[in-house]
Structures are given as structure tokens and as C-alpha cells.
Amino acid sequence: MSKTQLLNPSQQLILIVDPYSTGCMVAQEISKRGYPTMAIWTKGFSDEMKTHVPISCRDLAYVDELQDELHWTLDDLIRAIHQAKGRAARKIGKTDDYYTIAGCIAGGEAGVDMADSLSEKLGVLSNGTKGDFANRRDKRVQQDLVRGAGLRAVRQACGEKFEDVEEFLNKEQFPVVLKPTDSAGSDGVKLCHSFEQAKEHFHHLLTVEAVNGGYNTQVLCQEFLKGNEYVVDHVSRNGVHKTMMVWVYDKRPRNGSQFVYFGMLPIDPNSEEAKVLIPYTRGVLDALGMKHGPSHGEIIITNDGPCLVEMNCRAHGGDGNWTPLARALTGSYCQVDVTAHAYLDEEDFLKIPDVPPSPLKAHGLEINLVSYSKGKVKSMPGFDIIKKLPSFVFLSPATSIGSEVKYTIDLITSPGCCVLMNSDEAVLKKDVEFIRYLEEINGLFLYETKGESLARPNVNTFGLGSLPSGKKSHHRRGSTLDRPGLLRIMSQDRPELRMGFGLRKRMTTVDASREVVVVTDPYSTGCLIVKEVQSRGYKVIALWTRGFSDEMKMHVPLSCGKMNYFAEVNEAEDVGETIRQLYKVAGKFRIVACIAGGEAGVDAADVLSERLLVRTNGAQGVFANRRDKKVQQELLKAAGMRSVRQAAGTEWNDTVETFLKNETYPVVLKPTDSAGSDGVKLCHNFEEAKEHFHALFEIEAVNGGYNSEVLCQEFLRGKEYVVDTVSRDGDHKTCAVWVYDKRPANGAAFVYFGMVPIDTSTQEAKLLINYCNRALDALELKNGPSHAEIILTASGPCLVEMNCRAQGGDGNWQQLAQALTGGYSQVEASVDAYLDKKAFSVLPKIPPSPAKAFGQEVILVSYAEGEVVATPGYEVIKKLESFVYLETGVATGSHVEHTVDLVTSVGSVILLHQDEGVVQNDIATIRELEKSNKLFDFAKSSVMMTAASTLNFQNLSLSNAMSM
């Protein structure tokens, strides 16, 4: 019978040195058995860390707490301990010798050395401090002792100054790991990818305070071990080591980080890994002279066997969240319980099996939650759902309402952890899959709302065009005329692109070479129209409207090369003067058409074509403002068509305020005459809407000038489509019907993943085409190209807006459209409408069904961020069987962000093939490249390597816990 069993437990005092995290659970377990405990706080241990108490231990009480003063020696501390235990005895009416010190246990990493020294001096169970074992917590000493015992150890160098490790860093293969020699768990541990990073972190570690207080005196540099990482928990007494549990970390690449912890899974003790890990770990404990108490070894199984990362001479951390799971897995006990056995009852300790049972008694794991979004937390509905799962045991959030959630790239940015357990492995698996699904759909949190951009694919989507002065590209890419940061790759060997069509030199007069076409504001797809016109023998005059910026004039698709015009004219103050200038530069050439080359040129094209007596949509009455989005909806409503509820104003007025107070949120705010998605925003409450309303009058529009009126509209729910049409004298020919592939990603609800063609024989296409043609009639759009953005709501199609010009996006879709129809796109049809009546008349009313090929535009999405050093994904995409075209502004040196809208998308790919299966397989390949972050290689920064076993997810002090 042990000495501790001979005395009344209530008189046997157990000292706990630096009790925090799981150390509090050890103290509580000892207290439950009737033993009083005293907390000893080591020198430099911070007051904040003292409050780090798990919620389950909030009622933990000590007979006394004692701070080791800076000027005290070990003997001074021991005298103070005896005085403290005397005071504690007197408080309960006992004599000073009532308590006998029966044990001394480390309650946390910083307390290990002191616990060894005190226990040795007090004559209780001790690991001792003799010889090399005086510094067994030193990670360099650990590796030296392990190597001395003939076990696999890490290559390393250690020093107080950089010169001590410089030779090692010059010879060792990067990356390397740098850490303080005596840090707590992962405190200061960093993976460095270059000599410069290692040198910087070395000096940093010597200047920052450690997490437990005090400053680092030495820095350890070690090889980076590659392989699965395990944690082996033991409890020892008199050199007898009992394996409590073997765990493996589930680490995966996510959000641009290579090592994101997804959880910690138990390993069966009869598994091949465990059979290697357990004897190795016990050999390490012997090498370190660890004869008594809890420990948890972090070990990686490398190609040449298990290798110690570090041995933590204390209980497994993480606030002990794993303890209920461990008890279920073993059937009755965990490391906390057996630690109490080891110090208080040798017989009970010896009854514990040497290893956990096989098979384990339950199925379970610890899940580290992963966030694919960021924002300020408004509520946490996902956490409530997790608590209702059949396997739920425990949830430890690392966030709360009002806190900021970030993309998870390491354990520090994990929003929490939970423990799942079930006797039915199938039920457990379903619950794990459901949590992972919640994460992927960003269902863990609701964030405080903010104005959300509703940008649609346009000329500036991928940083491909020149932005107006003052506008910034999120990806920091070049966007000049030469556009050095733009990469454009096109397949030159695709049969779908050699179907007998191409540039058609068709004339509408006896001598088209003596005729001229005016194109207003030709940019983006407008440049393709210019090139098509010129290919048919016509001269082109570019008419630049007032306020159209010089930078936008340079927005020319690379497929067009350098633009050459017969003449260029700037719009005059009045129409008459502009007409005179056009006639003057045209000279002997006859002006036969006036076409809008871009959004800002639509109004001018209508007015000028009417005055030039060429084909026109006219500009009389209400139709003078048909580009005004408010007017569009009013005209549709007057025609008895489904239209958007709305209100507009040139200033904040009662009409706008009443609408915004009564309309269901969210609502859409946009300038009435913007280009595409310029200034369009989804606002979730009255305050956001009012703020954006006023902001739109203060910012410059993308095409130049300032907004004069703001439109507030209902938010339409449903799939969004684009219908491309070309008209001549009210005869509407549908050129293509597309649907936007929009999905939630990276915390954003509407991320564009692509634009997919719709078969014109489908019911949705029939509804859309009919609605679009009626809308064109209502707007009296009788001539030229248009593309309608339409949402198919529960009550039928509803116009978002009618763009009275060709579809934009630099015309990247042109070749795909040509292949789908078998020979034409909106570009060629537009020129036919103005210049070739016969060619237009033979165009089909709708594209053929089925389409002549299969394909779509794939918009590239980034799930990571950083500085790009290589683009390996491009090479994979170029080799895809259906690859036609890649356009991106992301190249080496670009900074990529998580894609949350079109501005942060990273490129566009056109896929096209005769076999639909090939296209689908290639799409899947691209999506896998995105999801696994293989589109880009990013500059490697030094990465903090936080071990899951040491991280405490709850940001808890006792005061925080009490307020929860």
C-alpha cells in the first residue's frame, strides 16, 4: 500500500504548478477524490494565463494560491509553501501541520521544470532534475537524448545568437522549423521557407514575450519532417508507461494554406501505425527520464520511421475537450483520470491496461471547424444545428456574436472545435459529412450585412481592360493598352473552329468601299463589330461621346490588335455640330449606318442615326431615355409585362424613402444609366441603402461623368439569364440564350462560376425568348444588337435591364457562339442587320436545337490568396481536350484574393467540343484545380505551426466563462 493511501485524503495536499487548460481538469479530478490542492504560479506566468480555465472547471477552488516571487530561491518557495499550507489549515480550524504534501504535478507547460524541482526537493514522486534531465523540456535536449538512445531524431542546431545556427541553415534543405527551446506547445513555432525568413524569425523570437510570460533565451532550428502527424498520450508511474490513446491529425490544404487542421482522430492500438508509434514513444520517455506523470508526444511517421517532433511532459492540452471522447473510446478512463491514479493510488494505476482496448469501445473524433468565409458575426445558426446532431458531445467555439471570423488557414483562425461520438459508425460519418457541408455552404454563421456588389461579367471583370482614373483592380494587375499583365491563350488546332465559317466579305451596295459606318464609343465587343464592318470593305468613323475617358478608348480586345479608323470625331456640344463634323470627315464617302459600340454610345447612336437618316431606333418622346433603367421598367409595366417594383430620384426624396421603408429587403440600388454593373449594389437594410444612394452621386461612373439619378428596385429571386438578340425593322433574331452559373463560395452568396448556353428548345428558353421579344417591342428597339438580362422568377420572366448594344466581356464568347450555331454570332448578325438585308433575312429566328457543339465559359474562382510566383494551373488548362481560350489578368507577381465577386475572379476559360462528356470532364478538372489551390503557386511566407493538442479554442478567462 502506498504512503498516500495510509493518510486521510483530505490531509494530503497536492501541489499543481501553473494549472491552466487541461491542468485545471487534473486538479479538479484530484479534488473530486477528496484531496486538497494548492496552485503554485511560476515566475513570469501571466495573470491572463491564470484565468485560462475551462468552463467545466469554473468552480475549481484551491486551499491557497502562491506566486513564486522573482527574488525567491527554490528554498524560499518551499518555505512559502509550508507557510501557505499552515494558513490554509488554520482557516478550517486545524493546526499548521494538518496538511502533508503528497504530490506535485505540472498543470501546464511552463510548470514542468518547477514541478520536477519541487517534487524532487519535497521527496514525493518526481522525474528529477539530475544531469541532462534538468532540461528535458528543452526541445534541443530532447532530440539529443533521443538520438543518444539510438532512436530516430531530428537534424537540428540551436543557439543564443544567429551565428550559432547559420551553418546549419546554409546546409539544411528548406523549409525548416524554428521554435524557442522551451516554449509552450506551438508558441513561436514557425515554418520558414528561406534563409532570410529563418533569420528574421530567429531574431524575432529573441525579442518577443513567450505566451506563458518571460522571454526566449535560445532558438532551435530543425529539419522539417514530412509525413502524417500523430499524438501519443501516456501516463507513467515508476517507469511503467500506460498508453492512453493514439491520435492522428487530419490535415488538408484549404484557403491557400497547405496545413489546415480538420480534426483529430483516434487510432486503434492494434493498427500498424500504433504498433510502431507506441514502442517508439515509450523509448523516448525512457530516454528523457520520464518515469512519472502524464505526457503527450507529437510524432511524425517519416519514410524512415517515427520521429519525435517534441515530447510535452504534461497532459494533452486543448482544454481537455477530448476527455469525454477518450473515456468512451476506452470504456471508462482517460489521461486525466489515470494521472490522478498515478499520483494518488498505485494499485488503481496498475489495473489500467497497457494500451486502450482494440477495437475501441466507441466511434468518435474531434473536429476542428473550418471557415470558408469572413465577416462580423451576427448569429451562429450552424452551432445550434451541430448541437442537435445524434453524435454531438461537446462544442467549443472560438468565436462569438460580434467577433470577426477569418478564412481558416491555421488553428488560430479556426472558429472552434467539436467532439462527436456514436456507437454507430455510419451515423457518425453522416454527422461529420453534414458539418463539412455546413462549412462549405457557409452555414456556420450569419454575418452582419453590408452592401453587396451585384457585378455581372463585363469588360473589366478579370482586370482585362483599362479602368478609369482612380479605379483600382483588386488583383493589382497591369491594364494599359499593351496590358503586360494580361495573358491570352487560344487553341489553334480545334476542329470546332474550322467549320467553314469565318470573316465574310459581304456588300450591301455596288461599291461598299466608298461607304462609311459611324460607330459610337467602340470598345470591348464594339471593337469586334468595327473589325467585322471593316472586313466587309467599309470605312469606320469612331465617334467619341462627351465625357468618355481616354483610358476607356484604349479598351481594345487583343484579338482586334491595333484599331485603325478612317477618322475619329469627338462629340460636339450640340447634335447639329456633331453631324457637320461627321459629314466633313466622311467627305466623299456616304454614311450608311450608325451603330452603338458601347453602353455610353447608345443614346448618341439613337440621336445621330435619326438625324443622319440611316437605320435607327429613334430618340423621340419617352424613347429618348430607353437606356434609363427606370424608364425601361415603366415601359414594360405599361405594356402589361412583369416588371420590377421600383422608385428613383435625382436626390433623396419622400418617394425614395417611402419605397425603401416599405420594400422587402434586400433591395438593389443602381444608377439609372450605368454601364452594366457599374455601381449596382445589393443592400440589406434601410441604412445601407440610404448610404449607397448618396454615395452614387459622389463617385465617377465607369464610362466617365457622374450619376444623375439613382434607381431603387426590388431584389428578384431566381436564375439569371442573358438573351442576345439582333433586330432589323422590328424583326428580332435570337442569337444565343445563356444562364449564369452562380453559387455561394468564400462566404459570398453570388459568385459567378460561368456562363452556360441554353438549348433553345427548352421550356425556359421559349419563355425567355418570347418575353425578350415583347420587351424589345415595348422599348421600341427595332434595330441593332441587344442583350437582355432576365431573371426567371416564380411569377415568370422579369427584366433586370435591357442593354441596347452587343453583349460585352470583350466578346470572349464569340467563337463559342459561332460553334454552337454552326457559323454566326451576335457580332456578325449585328453587321448583317445594318448592312446586309439578305444575309439577315436568312438568319434563323432562334439558334439551332440541338446546338452544333458543346461548350461554355468557365469563370475561374480562387479559394486562396497571396502573391503569385507561378501559374501551373494554366498549363493544365491549356492541355484540356476541349480547351479553346484562356484570358486572365493574373500572372507572376499578381496578388490574388479569395473570389467573392467578379472583381476578384481570376480569369475566364472557353471550352468547346463535339463530345459533351469531354467538356464536363474538363470542367471538373478546372474545379478541382481551384478547390485544391493548384491554379497558382504562391510566395511562401513563414507559417505559424500551431499544434492542435496545445490550442485552446475557448477564449476563456473565468470571467469570460461566467458571462457565457
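Let's start with D337, which forms a salt bridge with R327; the closest N and O atoms are 2.9 Å apart. D337 sits in helix α11, residues 335-344, and R327 in helix α10, residues 323-330, so this pair ties together parts that are ten residues apart in sequence. D337 is buried, at a relative accessible area of 8%, while R327 counts as partly exposed at 28%. Keep in mind that this is a predicted model.

Next, E801 and K670. Their side chains meet in a salt bridge at 3.4 Å, N to O. E801 is in strand β34, residues 796-803, and K670 in strand β27, residues 667-671, so here the parts tied together are 131 residues apart in sequence. Are these two residues buried or exposed? E801 is buried, with 1% relative accessibility, and K670 is buried, also with 1%.

K32 forms a salt bridge with E29, with 3.4 Å between the closest N and O atoms. Both lie in helix α2, residues 22-32, three residues apart, or about one turn of the helix. K32 is exposed at 62%, whereas E29 is buried at 10%.

There is also a network of salt bridges that links R152, R155, E172, E223 and D304. Over the whole structure, the search finds 54 salt bridges.

Last, the nonpolar spot. I385, F434, Y437 and I441 form a surface patch with about 330 Å² of accessible area together. Of these, I441 is in the loop between α14 (425-440) and β19 (446-447), and counts as partly exposed at 36% relative accessibility.

Notes: Residues numbered from 1 in each chain as written. Predicted model: local features only at pLDDT ≥ 70, side-chain atom pairs only at ≥ 80, totals over all residues. Heavy atoms only, no water. Patch = residues over 30% accessible without salt bridge, like charges linked within 9 Å, V, L, I, M, F, W, Y side chains within 5 Å. Areas by Shrake-Rupley, 256 points an atom, 1.4 Å probe, with all protein chains shown as cover. Salt bridge = Lys/Arg side-chain N within 4 Å of Asp/Glu carboxyl O. Helix = DSSP H or I, 4+ residues; strand = E, 2+ residues; numbered from the N terminus. Buried < 20%, exposed > 50% of the residue type's maximum accessible area, 1.4 Å probe, protein only.
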